[in-house]
Amino acid sequence: MRRVTVVGGGLAGCETALQLSARGIEVELIEMRPEKNTPAHRSPNLAELVCSNSLKSENIQTASGLLKAELGLLGCFLLKMADGARVPAGHALAVDRDLFGSIVSSAIDGDPRITLARREQTDLALPGCAVIATGPLTSEALSASIREHLGDEHLYFYDAISISLATESIDTGRMFRASRYGKGNADYWNIPLTRQQYTGLLEFLKSSAKAEKHGFEDGMCFDACLPVDVLAGRGDDTLRFGPLKPRGLDDPLTGREPYAVIQLRQENASGSMTGMVGFQTRMTYASQKQMLKLIPGLENAEIVRFGSIHRNTFIDSPRLLDEGQMSLRRKGLFFAGQITGVEGYVESIAHGLIAARNIVDFMDGGTYRIFPPETILGGLQRHLSGGASPFQPMNANFGILPPVGGERALRKNRKAERSLDALKIFLDRRD
Ligand SMILES: Cc1cc2nc3c(=O)[nH]c(=O)nc-3n(C[C@H](O)[C@H](O)[C@H](O)COP(=O)(O)OP(=O)(O)OC[C@H]3O[C@@H](n4cnc5c(N)ncnc54)[C@H](O)[C@@H]3O)c2cc1C
């Protein structure tokens with residue numbers, strides 16, 4: 001009988017365990033709660049949602065809705081269980097958190113092929129095939145063991161995500177292309193700001209609404225990537241001497257350095273996503289959208305990934321794991337869920353499902369079945385294996401899909417249809 005150890009009974013770990021069991025594989029699932037808690041979990045339930053009770057939109061014209069539709073085609077267990085714990089929330093799939101956790105816990109308890117062990121796993125001494133799905137709040141002892149296995153510099157403990165925009169929504173007419181002091185290729189779009197524009201932005205950053213912090217994230221400030229709104233509060237010129245520095249960036253229109261400069265950089269291989277350099281932020285999503293209205297050329301830009309700063313344990317997956325998120329240093333040691341660099345509840349569930357498929361492919365001695373690039377699942381897989389350095393986590397968004405042409409208002413719909421068609425063809429051929 002085939003056996004796999006899954007560490008972490010969260011969203012990813014439970015989906016992996018149920019998918020493996022459905023394929024006839026015996027699973028030992030190790031969960032440290034309630035014996036030992038994380039700073040955010042509150043109950044002994046498996047698959048506890050630590051914050052919001054929303055799994056976001058079900059509308060396939062949103063990336064999260066499309067991901068759900070893809071997961072529906074693949075027989076995702078946790079999404080079906082979420083449906084059973086649903087509370088009214090318009091287009092969103094919101095759940096009664098306790099009911100959802102108890103449905104998942106009962107399914108695991110009642111599964112004859114899954115054995116649940118309630119204890120902390122403190123190291124990677126796991127025989128045979130194993131999956132680490134211990135999430136953003138992996139216990140300290142296990143984090144230390146992972147760090148030792150992968151190397152100090154390859155396990156991160158927070159993410160500071162800068163705002164990403166849909167490239168096609170940016171008006172580059174008022175920007176210039178250059179790299180600082182003309183060194184290397186002119187890879188950046190530069191947005192020159194006048195003193196007045198800079199001051200307007202500064203005041204907005206200082207007064208804008210900020211997202212709520214969790215108690216254990218207090219004081220979590222990292223000098224290398226301080227939030228742009230924190231820098232704004234440190235003095236009127238701090239940003240101009242920091243991420244908005246104009247040095248070496250002469251505006252071709254005036255032949256002079258502007259008062260300040262915002263830089264934009266390509267974020268993915270296809271060029272569909274563009275990042276705002278240094279714009280990691282704790283501002284609320286609404287404030288981030290409002291802020292763009294103050295920046296020349298970004299007034300109508302669409303945010304594909306909002307800026308954020310979180311406590312998060314994640315691996316430099318593109319450099320340390322193979323295409324199936326198996327350690328390059330130890331055959332049979334897989335990682336699943338948020339610790340691999342996906343971000344979000346549904347994304348973690350999705351990666352739990354992906355991990356089970358990868359393990360089966362590995363055990364069968366075959367190659368991994370990577371989903372088509374047109375699907376959100378395939379886009380996330382490609383990010384985990386090909387994301388640029390420094391690696392940053394990724395949620396479901398349309399920017400990770402290849403562009404489609406045509407009228408802007410219809411593009412999301414076309415991407416959604418294209419994804420589901422591609423997935424159906426893929427499943428007919430491969431599964
Ligand atoms: C505070 C916070 C709030 C978040 N809010 C949201 C949100 O509102 N919406 C959203 O989409 N995403 C949110 N996320 C991001 C993310 O989607 C969730 O954290 C998600 O639960 C990750 O799924 P996972 O399965 O990878 O990890 P988890 O669901 O956290 O599961 C990991 C499990 O492993 C267990 N574990 C840890 N270490 C060990 C060990 N050594 N031995 C045994 N068991 C162990 C934990 O107890 C836990 O049950 C939030 C993250 C954090 C940290």
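# Ligand shell, strands and overall fold

User: Which element gives the most to the shell around the ligand, and with how many residues?

Analyst: This is a predicted model, in which local features need pLDDT of at least 70 and side-chain atom pairs count only at pLDDT 80 or more, while totals for chains, interfaces and linings use all residues. Residues are numbered from 1 along each chain as its sequence is written. Helices (H or I, at least four residues) and strands (E, at least two) are DSSP runs, numbered from the N terminus. The element that gives the most to the shell is α1, with 3 residues.

User: Which residues come nearest to the ligand?

Analyst: A residue is near a molecule or strand if its C-beta atom, placed from the backbone, lies within 6 Å of it. Of the 35 residues around the ligand, those that come nearest are Gly8, Gly10, Cys51, Gly135 and Gly337.

User: Which elements give two or more residues to the shell around the ligand?

Analyst: The list runs over helices and a strand. Its members are α1 (11–22), β2 (26–31) and α10 (345–363).

User: How many residues of the shell around the ligand are charged?

Analyst: Ala, Val, Leu, Ile, Met, Phe, Trp, Tyr, Cys and Pro count as nonpolar, Asp, Glu, Lys and Arg as charged, and the others, Gly among them, as polar. The shell has 14 nonpolar and 17 polar residues, and the charged ones number 4.

User: Why is strand β10 described as largely enclosed by the rest of the structure?

Analyst: A residue is buried if 20 or more other C-beta atoms lie within 10 Å of its own, exposed if 12 or fewer, and partly exposed in between, with C-beta atoms placed from the backbone. Tyr188, Asn190 and Pro192 point one way from β10, Trp189, Ile191 and Leu193 point the other way, and all are buried. The strand (residues 188–193) is largely enclosed because its buried residues are 6 of the 6.

User: Which residue of β11 is the bridge partner of Asn190?

Analyst: Two strands pair if DSSP finds at least two bridges between them. β10 is joined by 3 bridges to β9 (residues 176–178), running antiparallel, and the bridge partner of Arg177 in β10 is Trp189. β10 and β11 (residues 260–266) also run antiparallel, with 6 bridges. In β11, the partner of Asn190 is Gln263.

User: How many helices and strands does the protein have?

Analyst: The count uses the DSSP runs of the protein's secondary structure. It comes to 12 helices and 15 strands.

User: What is the radius of gyration of the protein?

Analyst: The radius is taken over C-alpha atoms, and the globule rule is 2.2 Å times the number of residues to the power 0.38. For 431 residues the rule gives 22 Å, and the protein's value is close to that, so it is as compact as a globular protein of that length. The radius of gyration is 22 Å.
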